[in-house]
Amino acid sequence: MWTLTVEPRFNETDALGHINNTTLPIWFEQARTPIFRYFTPDLNPNDWHLIIAKIDVEFLAELYLQHEVEIRTYFSKIGNSSMTIVHEAWQQGKMCAKGHAIMVHFDHDKKGSKAIPDDIKTELMKHLVEA
């Protein structure tokens, strides 16, 4: 599991004083950076090998400006060419949001998925948490 600590910014709040619902997908994307580095170590966008197929966020409780948020990231499934990534947002010891991202290892020239290389898959499997 990877963890990322986020300090919420004022501009990420909504009129009710909570972290805005549009913020979580951005934080979750930031938390995927270690995964991106397996496929593109220098994060060069001209050599990118992943695309997003689906994202979702389930809001379980309010998140607030005044407290850090810990984003926990792991895999629930790793297939031949795709992976399901789970993100949890924790604040003050409570899980406040949970989301999933399905990412595909992609060949932009052929416009199709391609198998995840075995060496990368071996490393990713270390972060697989089965229900």
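A salt bridge is taken here as a side-chain nitrogen of Lys or Arg within 4 Å of a carboxyl oxygen of Asp or Glu. The views below are drawn from a predicted model, in which this rule gives a count of three salt bridges.

**View 1. The salt bridge between Glu 123 and Lys 126.** The closest N and O atoms of Glu 123 and Lys 126 are 3.1 Å apart, and the two residues form a salt bridge. Glu 123 is partly exposed, with a relative accessible area of 28%, whereas Lys 126, at 57% relative accessibility, counts as exposed.

**View 2. The salt bridge between Arg 9 and Glu 12.** Arg 9 and Glu 12 are joined by a salt bridge in which the closest N and O atoms lie 3.0 Å apart. Glu 12 has a relative accessible area of 6% and is therefore classed as buried.

**View 3. Arg 72 between Glu 70 and Trp 90.** The side chain of Arg 72 meets that of Glu 70 in a salt bridge, with an N to O distance of 2.5 Å. Arg 72 also lies over the face of Trp 90, at 4.0 Å from the ring centre.

**View 4. The aromatic pair of Trp 2 and Phe 75.** A search of the whole structure finds three aromatic pairs. In the pair formed by Trp 2 and Phe 75, the ring centres are 5.8 Å apart and the planes stand at 80 degrees, so the arrangement is edge-to-face. This pair links distant parts of the chain, since Trp 2 belongs to strand E1 (residues 2-6) and Phe 75 to strand E3 (residues 69-78), 73 residues apart. Trp 2 and Phe 75 are both buried, and ring pairs link these two residues and Tyr 38 into a cluster.

**View 5. The aromatic pair of Phe 36 and Trp 48.** Phe 36 and Trp 48 form an edge-to-face aromatic pair, with 5.1 Å from centre to centre and 65 degrees between the planes. Phe 36 lies in helix H2 (residues 33-39) and Trp 48 in the loop between H2 and strand E2 (50-59), so that the pair ties together parts 12 residues apart in sequence. Phe 36 counts as buried, at 9% relative accessibility, while Trp 48 counts as partly exposed, at 24%.

How values were computed. Residues are numbered from 1 along each chain as its sequence is written. This is a predicted model: local features need pLDDT of at least 70, side-chain atom pairs count only at pLDDT 80 or more; totals for chains, interfaces and linings use all residues. Side-chain values use heavy atoms; hydrogens and water are left out. Buried means under 20% relative accessible area, exposed over 50%, partly exposed in between (1.4 Å probe, protein chains only). Rings of Phe, Tyr and Trp (its six-membered ring) pair if their centres lie within 6.5 Å; planes under 30 degrees apart count as stacked, over 60 as edge-to-face and the rest as tilted. Helices (H or I, at least four residues) and strands (E, at least two) are DSSP runs, numbered from the N terminus. A charge sits over a ring if NZ of Lys or CZ of Arg is within 6 Å of the ring centre and within 35 degrees of the ring normal.
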